[in-house]
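Welcome! Here is a friendly walk through one protein model, taking in its pockets, a sheet, some helix contacts and its cavities. Please have a look at the structure before reading on.

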Amino acid sequence: MAIFKNSRRMTAVILCALLCAGSVSCGDTQKPKDSDADMSNNVESVAGSNEYVYPTFDLGEDTFTILNTSQNYSFYSYIDFESETGDTLDDIIYKRNRTVEEKFNFKMEVVEFELDEAANKLQTAVLSNDDVYDLAFIRDQYMSTAISEGYLQNLDDIPEIQLDCEWWDGKATDESRIGKSKKALFALTDVSLTDFEGTYVTFFNQDMFENLKLDLPYQLVLDGKWTFDRMKEFMAAGANLNGDDNWTLTENGKSVYGLVSFERIEPALLSGGGISFVYSNNEGYPEIGTSGDKFYTYFNMIKDSLNTEGEYLHANTGTSNDWGHYERVFKMGRALMMSAQLKAANNYRDMEYTYGVLPMPKYDENQAEYRNLRTFPCMMCVPVTNQRPHETGAIIDAMSYITYSEIMPYFYEGRMSHKMLRTDESIEMFEIIRETRCLEFGMAYGWVMPIWKEVHNVVITNDSIASTLASTLTSIEASIDKVMENIDK
């Protein structure tokens with residue numbers, strides 16, 4: 001069992017551990033290193049031999065185009081700006097891009113489209129054999145056509161993209177490899193901050209905890225004892241009609257709820273409890289994980305708890321500024337806890353209460369580590385029409401490194417912690433959350449969302465999960481078989 005000791009690491013120590021003082025340390029890689037176009041022998045060190053090494057090439061002021069998926073759910077989805085804006089995060093992103101442009105002599109262009117439109121633009125370009133996009137960031141659930149129809153290059157053939165280094169999430173990439181070839185068709189990098197902001201976590205109202213004389217849960221997390229049973233105890237303690245006649249949420253009501261969230265709460269709790277909805281077995285064949293005693297036991301625990309009036313409130317009407325929205329309910333002090341994406345903190349700069357952030361709870365204390373579900377991640381991919389994959393790999397790898405070494409420290413400490421999350425302990429929680437993010441790669445193939453929908457519907461209707469999922473799982477298994485027939489062709 002993984003235990004996080006109560007070291008109360010100072011911010012600088014956390015960031016030093018995170019960044020290793022900017023030095024490069026990469027593990028073993030599955031990428032071939034004998035490519036004719038491999039630039040690894042034509043490199044330039046930034047400073048010492050242990051620091052990041054840039055390939056040396058010149059694009060002659062050519063345009064380098066990134067297709068980006070914009071978001072409309074308060075995510076920070078920006079990759080570039082026309083000029084500095086005065087916002088620190090905007091400006092260090094702007095400077096990152098100008099640094100890389102100068103290094104390789106090109107002009108960056110970012111074109112943005114929302115969700116399915118971005119995926120359609122990628123498809124149109126490939127089918128037209130148009131190399132208009134050098135790389136793309138596509139939201140996971142819109143990736144299936146690009147993957148199954150062969151629109152994407154195998155990143156293993158682009159050694160300049162150093163997937164084994166800390167500025168890439170190599171674990172997520174490796175878990176996503178399927179088939180005999182186990183190609184890497186997409187990767188995750190914080191160049192798109194949507195991925196980190198989409199991480200599902202638990203917020204709690206620290207002032208309310210103290211008023212209820214509840215111990216703050218930070219130590220539970222550090223000791224490996226932050227479990228769903230402990231969350232349920234807090235949910236029960238936070239529920240208070242406060243003079244209202246019933247638990248129906250009204251704009252001017254006084255009732256306080258134990259936990260508020262929306263329809264991602266069920267998959268986030270199940271993932272947090274160690275359950276993968278789809279996973280790749282040792283042979284690279286995807287298997288559905290919603291079976292076995294643990295799944296049914298934990299699901300029924302979750303269903304019973306989320307159907308207890310007062311202890312849980314489903315609130316997802318309107319936008320974050322509407323009284324019936326989960327983010328607003330928590331902001332107004334009408335819920336002790338909220339499970340939501342980390343981006344919710346963007347709306348809490350003026351919140352009057354002190355609040356903290358925690359990872360999602362474990363199933364039980366025997367679980368090895370916390371798991372925090374990624375929702376709405378944008379996958380980095382390279383279209384097959386790209387005629388300069390090695391230069392592209394060098395550019396995006398450099399952007400990823402600078403993001404990791406210069407942007408993420410501010411994102412943790414300056415933006416998320418000091419401006420939004422207001423406790424030193426929350427900074428420590430960030431490191432745990434970052435280390436334990438988990439990806440449902442089956443979302444990119446269209447296999448996971450139908451399961452998530454059924455899981456949520458069963459909680460709402462209080463039906464049997466086994467019978468409800470039966471037909472859905474049959475359809476997904478057929479889809480898996482069809483994809484696997486073509487994946488290695």
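## Sorting the residues

Let us begin with the classes used below: Ala, Val, Leu, Ile, Met, Phe, Trp, Tyr, Cys and Pro count as nonpolar, Asp, Glu, Lys and Arg count as charged, and the others, Gly among them, count as polar. Please keep in mind that this is a predicted model.

## The largest pocket

By these classes, the lining of the largest pocket has 13 charged, twelve nonpolar and four polar residues. The volume of this pocket is about 560 Å³. Its lining is made of 29 residues, and those nearest the centre are Trp 168, Asp 169, Arg 434, Glu 435 and Arg 437.

Which classes make up the lining of the second largest pocket? There are ten polar, six charged and five nonpolar residues.

## A four-stranded sheet

Next comes an open sheet of four strands, in the order S4-S3-S5-S14 and with mixed pairing. Strand S4 (106-114) and strand S14 (378-381) are the edge strands, each pairing on one side only. From one strand to the next, the twist averages 15°.

Strand S5 (residues 135-139) pairs with S14 in the antiparallel sense, over four bridges. One place to look is Ile 138, whose bridge partner in S14 is Met 379. Helix H3 (residues 115-127) packs on the sheet, where it touches strand S3 (62-70), S4, S5 and S14. The direction of H3 makes about 125° with that of S4.

## Two helix pairs

Two packed helices are described by the angle between their axes and the distance between the axes. For helix H9 (residues 228-238) and helix H11 (residues 293-306), the axes come within 12 Å and cross at roughly 5°. Angles under 35 degrees count as roughly parallel, so H9 is roughly parallel to H11. H9 brings Phe 228, Asp 229, Lys 232 and Met 235 to the contact, while H11 brings Tyr 298, Met 301, Ile 302 and Ser 305. By class, the residues of this contact are five nonpolar, one polar and two charged.

Helix H10 (residues 265-272) and H15 pack with their axes 8 Å apart, at an angle of about 105°. Angles of 65 to 115 degrees count as roughly perpendicular, and H10 and H15 are therefore roughly perpendicular to each other. Glu 266, Pro 267 and Leu 270 of H10 meet Trp 452, Val 455, His 456 and Val 459 of H15. The residues of this contact comprise five nonpolar, one polar and one charged.

## Cavities

How many cavities of 30 Å³ or more does the structure hold? There are three. The largest cavity has about 80 Å³ of space.

Among the residues that line the largest cavity are Thr 173, Arg 177, Phe 186, Tyr 445 and Ile 487. By class, its lining has six nonpolar, three polar and two charged residues.

Methods
Residues numbered from 1 in each chain as written. Predicted model: local features only at pLDDT ≥ 70, side-chain atom pairs only at ≥ 80, totals over all residues. Heavy atoms only, no water. 1 Å grid on protein atoms, 1.4 Å probe; cavity = no way out; pocket = protein on both sides within 12 Å on 5 of 7 lines; lining within 4 Å. Points joined across faces, edges and corners; volume = space filled by probe spheres on them. Pairing = 2+ DSSP bridges. Helix = DSSP H or I, 4+ residues; strand = E, 2+ residues; numbered from the N terminus. Axes fitted to C-alpha atoms, helices over the stretch in contact; angles between N-to-C directions. Contact = heavy atoms within 4.5 Å. Parallel < 35°, antiparallel > 145°, perpendicular 65-115°, else oblique.
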